[in-house]
Amino acid sequence: MARYRLAQIKTDTDEPMDRLPSRVAKLVRISESDIREWEVRRRSTDSRKKPHIQYVYTVDFVTDKKLKIANNRNLTLVDEAAEAEAVRPPEPGDRAAGSRPVVVGMGPAGLFAGLELAKAGYRPLIIERGPAMEGRIEAVNKFREDRVLDPEANMLFGEGGAGTFSDGKIGTGIKDGLIRQVLAEFRDAGAGDDIMYLAKPHIGTDVLRVVIVNIRRKIESLGAEVRFGTKLERIITKDGEIKAAVLRGPDPASGETCEYRIDAEAIILASGHSARDTFAMLEGEGADMEQKPFSIGVRMEHPQALIDAAQYGTENAGKLAPADYRINYRASNGRGVYSFCMCPGGEVVVCTTAEGELCVNGMSNRRRDSGTANSGILCDVRTEDFGSDDVLAGVRFQEKYERLAFINGGGDFTAPKCCMKDFLSDDEEGRRAAQPVKASLPEFAYEAIREAVPDFARRIKGYDDPDAVITAVETRSSSPVRILRDGSGQSNIRGLYPAGEGAGYAGGITSAACDGIRAAWHIIEKYSLPK
C-alpha cells in the first residue's frame with residue numbers, strides 16, 4: 001500500500017465530493033475499487049472563466065497499485081514517515097526545572113504553547129490579563145452598546161486573543177508541517193470538518209468563541225492551570241537569567257487582587273501585538289528588541305452582492321459562499337497598498353485598549369450573512385516613518401493616529417467615516433466630507449490608498465462604488481516591534497521565549513499557533529519532565 005497525492009482535480013461546484021474517487025481513478029488510470037482510502041486535502045475555487053466556476057481539489061488516496069508519477073506533474077508519492085517526523089515533539093531534556101513553565105497570554109500562540117506543554121506532561125501555568133470568554137463577551141457587548149471601555153477586557157485582550165473578535169481566519173501563507181495539527185485541534189474543538197481542506201478556511205467569531213473555551217478546558221484537563229485577570233508586571237533576573245515573575249491579579253490563596261511573586265525560569269511570552277505596556281516593561285528589563293515595519297489604513301465596505309457578482313459573475317452571485325478578494329497596488333510614492341483580513345458578510349468594529357484612542361477591524365460570523373463585505377486596505381509603514389530610533393517609536397506612531405481617529409470621530413469611540421465618492425473627490429465639498437478620514441491617516445497613506453482604488457476597480461468591477469463606506473483607522477495589523485530570539489527560541493534574557501504576533505514572529509491565528517507550539521518544544525527539549 002502507498003499513499004499518493006493528486007492535485008488539480010477540477011469539478012463543477014454542484015458535483016458531490018463523494019464522486020472524487022471516481023475522478024481520481026480515471027485520472028491515474030486505475031479502477032475505483034483499487035482506492036482503499038481517500039481524503040480531501042484542499043479545495044479552492046477557480047473563478048477565472050466566469051460564469052463557469054469550478055472547484056479545484058487535491059486528494060490523498062491509498063492504493064496497492066504502483067503508479068507512474070514521472071509523467072503526471074500533479075501526482076506525488078506521500079512520504080508519510082517524513083511528514084510524521086516533521087511534527088514529532090522533541091524528547092524531554094535532562095535539565096531539572098525548579099519551577100513549572102509559565103505562558104503569558106491566551107491568544108493562539110499562548111493557547112497552543114500551553115496545550116503542547118500540557119500534552120507533554122509539563123503542567124504549565126498560563127496567565128491571561130483579560131477575563132475568561134464569558135466575561136470578555138460581556139465587556140465587549142457593553143463597549144459596543146454603551147461605549148464604556150474596559151482596558152483589560154475588550155476586543156483585543158482576553159481569552160482567545162484579538163483573533164477571537166474577527167473573522168476567525170485560519171488560512172496562512174506559511175509552510176509548516178504543524179498547520180494540520182493546529183487545524184485538527186480546532187476541528188476537534190468544534191470548528192467543523194471543512195477547515196481541514198478549504199483553501200481559505202475560517203471559523204467565524206461566533207463559533208471561535210466556543211472553540212477557544214473547549215481547547216482551554218482540554219488544556220486544564222491535562223494538568224495545566226489557567227489564571228485569568230492576571231498580568232505579567234515584571235520579571236526578576238539574576239546573571240541574565242529569569243528567576244521569577246511578578247504578577248498582578250487575584251491571589252491564588254486569598255482571592256484578593258494584588259501583586260505577588262512566583263518562581264519562574266522558563267516563560268513563553270505570547271502577549272499579543274497590543275500589549276504595549278509589556279513591550280515597555282521588557283525594554284526596561286534590557287530585552288533585545290528592534291523596530292518593525294507594519295501597516296496603516298482604513299476599512300472599505302461594499303455590498304456583498306457587488307463583490308459576489310464581480311468575483312463569480314452575476315449568474316453565480318448568491319449560489320456560492322460569499323466571495324472574498326485579495327488585491328495589491330504599488331503607488332507612485334513607492335508605497336505598497338493591499339487588502340488585509342477581508343471579511344465577507346461581516347461588519348466593521350471599533351477596537352481599542354485605551355481611552356482616547358480608536359482603531360478598527362473587521363469581524364464576521366460563521367455564516368458570513370450580514371450582506372456587507374469589508375476589508376482592511378492598508379499602506380506599508382516603514383521604520384524611517386517613526387521619526388525616532390527609540391525601539392518603541394512604532395507604538396508611538398500607532399498611538400498618534402489612533403488618538404487622531406478618536407478625536408475626528410467625535411471623541412466617543414465613533415469611528416471616522418466617509419463615502420467613496422467623497423474619499424476620491426477633488427472638489428472642496430468632497431474633501432471636506434472626507435476630512436475626518438483623511439486627518440486620521442498619514443498623508444503618504446491617504447494619497448497611496450486614493451491612488452490604488454481606481455486600479456482595484458479595474459480588477460473588481462464596482463469597487464469604486466460611490467456609496468462604499470470607508471472607516472478609519474486600522475493600525476493593529478501586526479506588531480510594531482520584534483523581540484529578538486536566538487536558535488533556541490530565547491531572548492538575550494535567558495529563559496524568556498518570545499512567541500507569536502506580539503513578538504513579531506507570526507501573522508494570523510494559525511501561524512501564531514504554530515509558533516507557540518515550537519516555543520513549547522524549545523522548553524521540552526531543554527527540561528526534564530516535572531516530578
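Rings of Phe, Tyr and Trp, taking the six-membered ring for Trp, count as a pair if their centres lie within 6.5 Å. The legends below describe close-up views of a predicted model.

**View 1. Phe294, Phe386, Phe397 and Tyr401 make up one aromatic cluster.** The structure has 12 aromatic pairs. In one of these, Phe456 and Tyr463, the ring centres are 5.8 Å apart and the planes stand at 90 degrees, so the pair is edge-to-face. Both Phe456 and Tyr463 are buried.

**View 2. The largest nonpolar core has 72 residues.** Phe61, Met300 and Tyr463 are the members that touch the most others in this core. Helix 12 (residues 443-459) is the element that gives the most to the core, with 9 residues. Apart from this core lies another, of 45 residues, which includes Leu183, Ala189, Ile203 and Val211. When residues up to four places away in sequence are not counted, Tyr463 touches Met300, His302, Leu306, Tyr325, Ile327, Ile377, Met420, Val453, Phe456 and Ala457. In soluble globular proteins, nonpolar side chains tend to be buried together.

**View 3. Four strands form an open sheet in the order 2-3-1-4, with antiparallel pairing.** Strand 2 (35-46) and strand 4 (75-77) are the edge strands, each pairing on one side only. On average, neighbouring strands of the sheet are turned by 20 degrees against each other, direction ignored. Strand 1 (residues 2-12) is paired with strand 4 in the antiparallel sense over 3 bridges, and Thr76 in strand 4 is the bridge partner of Arg5. Helix 1 (residues 20-28) lies across strand 1, strand 2, strand 3 (54-63) and strand 4, and runs at about 105 degrees to strand 1. The loop between strand 2 and strand 3 contains Pro51, which a cis peptide bond joins to Lys50, with omega about 5 degrees.

**View 4. Strand 13 (residues 294-303) has 9 of its 10 residues buried, so it is largely enclosed by the rest of the structure.** Strand 13 runs antiparallel to strand 18, to which 10 bridges join it. Strand 13 also pairs with strand 20 in the antiparallel sense, over 5 bridges. Glu301 can be followed to both partners: its bridge partner in strand 18 is Asn374, and in strand 20 it stands opposite Val469. Strand 20 (residues 469-474) is also the place of Val473. The peptide bond from Ala472 to Val473 is cis, with omega near 0 degrees.

**View 5. Helix 7 (residues 276-285) has Arg276, Thr278, Phe279, Met281 and Leu282 among its buried residues.** The buried residues of helix 7 pack against strand 8 (231-238), strand 11 (267-269), strand 12 (289-291), helix 9 (393-408), strand 21 (481-483) and strand 22 (496-498). Gly286 follows helix 7 and has a positive phi, near 90 degrees. An α-helix has 3.6 residues a turn, so residues three or four places apart point the same way.

**View 6. Glu116 lies in helix 3 (residues 108-119).** Glu116 counts as buried because its relative accessibility is 5%, and the cut-off for buried is under 20%. The side chains of Glu116 and Gln181 are joined by a polar contact of 3.2 Å. Leaving aside neighbours within four places in sequence, the residues in contact with Glu116 are Pro89, Gln181, Ile517, Ala520, Trp521 and Ile524.

**View 7. Arg147 is not a glycine but has a positive phi, of about 60 degrees.** Arg147 is found in the loop between helix 4 (133-146) and helix 5 (179-191). With a relative accessible area of 32%, Arg147 is partly exposed.

**View 8. Arg368 is not a glycine but has a positive phi, of about 45 degrees.** The loop between strand 17 (359-363) and strand 18 (372-381) holds Arg368. Arg368 has a relative accessible area of 14% and is therefore buried.

How values were computed: Residues are numbered from 1 along each chain as its sequence is written. This is a predicted model: local features need pLDDT of at least 70, side-chain atom pairs count only at pLDDT 80 or more; totals for chains, interfaces and linings use all residues. Side-chain values use heavy atoms; hydrogens and water are left out. Helices (H or I, at least four residues) and strands (E, at least two) are DSSP runs, numbered from the N terminus. Buried means under 20% relative accessible area, exposed over 50%, partly exposed in between (1.4 Å probe, protein chains only). A polar contact is a pair of N or O atoms within 3.5 Å; within protein, one must be able to donate a hydrogen and the other to accept it, and residues adjacent in sequence count only if both atoms are side-chain atoms. Contact means heavy atoms within 4.5 Å. Two strands pair if DSSP finds at least two bridges between them. Axes are lines fitted to C-alpha atoms, for helices over the stretch in contact, and angles run from 0 to 180 degrees between N-to-C directions. A nonpolar core is a set of buried Ala, Val, Leu, Ile, Met, Phe, Trp, Tyr and Cys residues joined through side-chain atoms within 4.5 Å. Rings of Phe, Tyr and Trp (its six-membered ring) pair if their centres lie within 6.5 Å; planes under 30 degrees apart count as stacked, over 60 as edge-to-face and the rest as tilted.
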